[in-house]
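Trainee: Please take me through the terms for this structure. I want each label checked against its definition.

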Amino acid sequence: MSPLLRLTNVTYRYPGAPRDALSGVSLSVGPREFHAVLGPNGSGKTTLVRVALGSLAPLEGRADIEDRPAQGWRRQELARMVGVVPQREDNLFPQRVRETVLLGRYPHLSMWGRERAEDHAAVDRALAACDVTDLADRWLWTLSGGEYQRVRVARALAQEPKLLVLDEPGMSLDLKHEMGLFELIRGLVDTQGLGVLMITHDLNLAARFADSLLLLESGRPVASGAPADVLTQETVQAVFSWPVSMQTIDGRPQMIPLRQSKESRA
Amino acid sequence: MKWTLLVIVAVLALAASVVLGPAAVPLNELLRSDIVWNLRAPRALLAFLVGGSLGVAGASLQALVRNPLADPFLLGLSGGAGLGAVIAIALHLSGPWALPIAAFVGALAALGLVYRLGLIGGAALDPRILLLGGVAIGAFAAAITTAIVSLADASELRNAFLWLWGGLSGASWDAVLLVALYAPLPLAVLLAASRPLDLLALGEEPARYLGADVEAVKRRVYLAASLLTAAAVAVSGVIGFVGLVVPHLARLTWGHRHRALLPAAFIGGGALLAIADTLARTVVAPRELPVGVVTALIGVPVFALLLRRWTIA
Amino acid sequence: MRRFLLSVLIVAGCHSTARQPDGPSARRIVSLLPSFTEILFAIGAGDRIVGRTTWCDYPPAALAIPSVGDGMPPNIEAVAARKPDLVVLYNSGPNVTAAKQLERIGIHTVLLDLNRLEDLGPAARTLGRLTGLEERAESLATAMDAFTSTNLHPPSPTSTIAFVVWDNPPIIIGTGSYLHQLAALAGARNVFGDVAAPSAQVSLETIAARDPQWIAVLSDSAVTPGFAKRQEWRAVRAVRQGHFLLLKGSLFGRPGPRSGEAVKELKALLAR
C-alpha cells in the first residue's frame with residue numbers, strides 16, 4: 001500500500017538564504033500512522049510541511065502524495081486528500097462553529113452548486129468526531145482556545161481527508177486542552193484510520209502519542225523512528241543544547257530538563 | 001423572507017425615484033411625461049446599477065484585502081479618474097463622452113500602477129500593498145490634478161472637482177445601456193469567486209489548504225472589483241460610503257457567505273443609491289445636493305452604529 | 001486708524017461701507033479684480049495701478065500694466081513685489097486670508113463686495129475716497145446707481161431664460177447674482193428666480209420642467225456648448241431647439257462700468 005505522503009531525500013533552500021532550510025530529509029506517512037516532527041526553532045519543520053504539500057518545490061529529492069508529485073496535484077483535489085490545520089488562522093468576520101466547519105466541504109463542491117445533504121452529514125460527523133457537536137451554534141469568538149482548536153480539526157475532518165497535517169496545534173493551549181487534543185488525534189488515527197503528520201514543540205506528548213518521530217536540527221534529520229529510539233538523552237541534549245534527564249512513562253521516553261549552575265553553562 | 005423584503009425595498013426605491021422629483025409631474029401624466037422617460041427613468045436605473053456595482057465591489061474588496069474598512073475608492077481609482085477628467089478638460093477634448101472616457105482611462109491607469117506595485121514582492125498580490133499603494137497612487141494623482149488646476153487658466157477646471165464629487169446628472173439611456181452591458185461580466189466573475197472569498201476570510205494559507213487557488217482568485221477579484229469601480233466613477237464621479245457601508249449592512253442579515261452576501265449587496269447598494277439620489281433631488285428643491293453628500297450623511301450614522309456593534313462583539 | 005478700518009471692513013463682511021481713511025490717497029494700487037481695474041480707470045486712477053490680474057483686459061491700457069497672476073488665490077509675493085500702498089480685493093474667503101497676509105507685511109488692503117449691480121456704486125465711491133478722486137467717483141457711482149435703480153422697475157419680461165454655468169452637475173444662476181439683474185433689465189425672466197443664492201446646483205429635470213426659452217452660457221467662442229449634444233440635456237426644449245445665448249466673458253463675466261452695454265447686447269441677442 002503506497003504511503004499517503006512521502007518525502008525522499010528532500011533538500012530545499014529559500015531564495016537568497018545562506019543555508020539550506022531542509023537537507024536530505026526523508027519521511028513516509030501511511031494510513032493509521034501518527035508521525036511527529038520535532039526540533040528546535042528554525043530547524044525546518046514548517047518548511048517540511050510546505051514542501052510535503054507542494055507549496056514549495058524541492059531543490060533535490062521528491063515530495064509525493066500517494067505516489068504522485070505533490071506539486072502535480074490540483075489544489076482542490078489535494079484538499080480532498082489532505083486536511084491541514086495550519087499554525088495561524090485569522091478569522092476576519094464573526095462566524096459560527098457550524099459555518100466554519102462547513103468551509104471544509106469546499107473541496108467537494110462545484111463552483112455554482114449548493115451544499116448537499118451529504119455535505120451537512122459530513123459536517124455533523126466531523127463535529128461528533130471532535131466532540132464539539134454541542135458547540136455547533138456558538139460564535140467562534142466565544143470559544144476557549146482548546147475548543148477553537150478542536151473546531152479547526154473538525155473543519156479539516158469535514159474535508160474527509162485520508163491524511164491530517166497539523167502545525168504546532170498545541171501551542172498556547174493549557175495542559176487539559178493540549179492533552180485533550182492529542183487524545184483526539186490519537187483517537188482519529190485509531191478509529192478512522194487517518195494518517196497524521198504533526199509538527200510540535202512538545203517532545204513529551206509527541207513521544208507519548210505518536211508512532212514515529214523525526215527529529216530535525218538546522219534542516220538535517222538527526223534521528224527518526226520509534227520514540228524510544230529517537231529521544232535518547234545524548235540526542236536530546238545535543239540537539240536542544242540543554243541538559244536533560246530521561247524517564248519512561250507507559251513505555252515511552254519522557255524528557256525532564258535540568259537546571260544549570262552558572263559554571264556549567266557553556 | 002428577507003429576500004422578498006429586500007426586493008420590495010428595491011422596487012419601492014426605484015418607483016420613488018421615478019415618481020418623486022423637483023419637477024412636479026402629476027401621477028396621471030407619469031407615463032406620458034418626457035421628463036420621466038428621458039430623465040428620471042434612466043437616472044433611477046443608473047443609480048441602481050452604480051450603487052449595486054459599488055456594493056458588490058466593496059464587499060469583494062473587504063474580503064480580498066481582509067479589512068472591513070476597505071472601500072472601492074481606496075484603490076486609487078478615484079484619483080486616477082479625476083486626473084483623467086481634468087486632463088480632458090485642459091486639453092479641450094470635445095464630444096459628449098470625452099469626460100467619462102478620460103476618467104475611465106485615468107482610473108485604469110491608476111489600477112495598472114497599483115497592481116504593478118502589488119506585485120512587488122513576487123507573483124503574489126499582497127493585499128496590504130494594494131491598500132497602501134492605492135492610497136499612495138490616489139494621493140499622487142490628486143496632487144497632479146490640483147497642480148494642473150492651479151496652474152491652468154480655465155475656471156472650468158475648478159468646476160471639474162464638482163463633477164468628481166459625484167452625481168447622476170449625466171444619466172441617459174446611453175449611459176444605462178453601456179453600464180448594463182459592461183457590468184455583468186465583472187459581476188459574474190465576483191459572484192463566481194464567492195466560495196474562495198469565504199475561504200480567504202480565514203487567511204491565505206488556510207484558504208490554500210482548503211483548495212482555493214488563492215493567487216488566481218486574488219487577481220480576478222481585484223481586477224473585477226476595480227473595473228466595476230472604474231466604470232462607476234466614469235459615469236457618476238466618486239460616490240462614497242456605498243461601497244463601505246452596504247456590505248456591512250448586508251452582513252447583518254445575510255451573514256458572511258458571499259454567495260448570498262454579494263447579491264444582497266448588489267440589490268441593497270442599488271436601492272440605497274436610488275433613495276439617496278431621490279433625496280438629493282427633492283430635499284432642497286429646486287436646488288440639488290451632490291449625491292455623495294447624501295450618502296455620507298446617511299452612511300456616517302449607520303457606520304457609527306455598526307462600529308458599536310463591532311466593539312460589543 | 002488704518003488697521004481699525006480694515007478690521008471693520010473685514011468683519012462687516014457683506015457691507016462695503018468704507019469710512020474716510022485719514023492719510024494720503026493711494027498712489028500705487030494693485031487691483032485684483034477686473035471690475036475694480038475698470039472702475040479705477042473710469043475715475044481717472046488708471047495711471048496709479050501698478051499691478052493687475054491676468055483677467056484684467058479692459059480698457060486696453062490695462063494690458064500695459066504688469067500682471068501679478070490670476071489672483072485665484074492672490075500671489076502674495078508678486079503683489080508685494082509691486083510695492084503697492086493699496087491692494088483692492090474682491091471680498092471672498094480666500095481673499096480674506098490673502099488680505100490678512102498682506103496686512104501682516106504692512107500693505108494696506110481693502111475688500112469690496114461685487115456680487116450684484118448695486119454693489120457697483122459703493123465700490124466706486126470707496127475707490128474714489130481711497131484715491132482722493134471723490135468727484136469723478138461720485139459721478140460714476142451716480143450713473144451706476146441710476147442704472148441699477150431701473151432694476152426696481154424692470155421692464156415686463158418678454159422671454160424666459162436660464163443661465164447655465166456648468167453642465168455636470170447642472171449649475172444655474174439665481175437672484176443673488178448680477179446676471180439675474182442683467183437678465184431682468186434686458187426683459188428676460190430668470191426661471192430660477194426662486195433661488196436666492198448667486199449660483200446653485202439643480203436637477204436637470206427642473207430645468208426641463210421650467211422650460212426656459214433661452215439657455216445662456218458664458219462663452220468666448222461661437223461654438224454651441226458641448227453639453228448640447230448629450231442625450232440627457234436634450235430633454236430641455238431650448239437645447240433641442242439650439243436656443244443658446246453665448247455671452248462674452250469680458251463683458252458678462254462680472255459687473256462693472258460696462259454693465260449697461262451688457263444689457264444692450266443681451267437685449268439684442270434676445271430679439272433674434
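Trainee: How do you know that strand 1 and strand 2 of chain A pair?

Mentor: Count bridges. Two strands pair if DSSP finds at least two bridges between them. Strand 1 (residues 5–12) and strand 2 of chain A have five, in the antiparallel sense. Five meets "at least two", so the strands count as paired. Within strand 2 of chain A, Val25(A) stands opposite Val10(A).

Trainee: What kind of model is this, and how are residues and chains labelled?

Mentor: It is a predicted model, where local features need pLDDT of at least 70 and side-chain atom pairs count only at pLDDT 80 or more, while totals for chains, interfaces and linings use all residues. Residues are numbered from 1 along each chain as its sequence is written, chains are lettered from A, and ligands are numbered from 1, both in the order in which they are written.

Trainee: Why is strand 7 of chain A called mostly covered?

Mentor: A residue is buried if 20 or more other C-beta atoms, placed from the backbone, lie within 10 Å of its own; 12 or fewer makes it exposed, and in between it is partly exposed. In strand 7 (residues 163–167) of chain A, five of five residues are buried. In a regular strand the side chains alternate between the two faces of the sheet. Here Leu163(A), Val165(A) and Asp167(A) lie on one side, Leu164(A) and Leu166(A) on the other, and all are buried.

Trainee: Which strands pair with strand 7 of chain A?

Mentor: Strand 6 (residues 82–85) of chain A does, parallel, over four bridges. Val165(A) stands opposite Leu197(A) in strand 8.

Trainee: What hand has the crossover from strand 7 to strand 8 of chain A?

Mentor: It is right-handed, and it passes through helix 6 (residues 175–192) of chain A. With the strands pointing away from the viewer, the path from the first strand over the helix to the second runs clockwise, hence the name.

Trainee: Why do strand 2 and strand 4 of chain C stand at the edges?

Mentor: The open sheet of chain C has four strands in the order 2-1-3-4, paired parallel. Strand 2 (49–51) and strand 4 (109–112) of chain C each have a single partner strand, so one side of each is left without a neighbour in the sheet. The twist averages 35° from one strand to the next. Helix 4 (residues 93–104) of chain C lies across strand 3 and strand 4, at about 165° to strand 4.

Trainee: How do you know which chains are in contact?

Mentor: Two residues are in contact if their C-beta atoms, placed from the backbone, lie within 7 Å. No contact joins chain A and chain C; their closest C-alpha atoms lie 39 Å apart. Of the two pairs of chains in contact, chains B and C share the most contacts. There, 26 residues of chain B meet 24 residues of chain C. Helix 2 of chain B gives the largest share of the chain B side, five residues. Chain A puts 19 residues and chain B 18 residues into their contact.

Trainee: How confident is the predictor about chain C?

Mentor: pLDDT is its confidence in each residue, from 0 to 100. Chain C has a mean of 86, and 90% of its residues reach 70 or more. Over residues 4–9 of chain C the pLDDT is below 50. Residues 11–22 of chain C stay under 50 as well. The model scores ipTM 0.87 and pTM 0.85.

How values were computed: Axes are lines fitted to C-alpha atoms, for helices over the stretch in contact, and angles run from 0 to 180 degrees between N-to-C directions.
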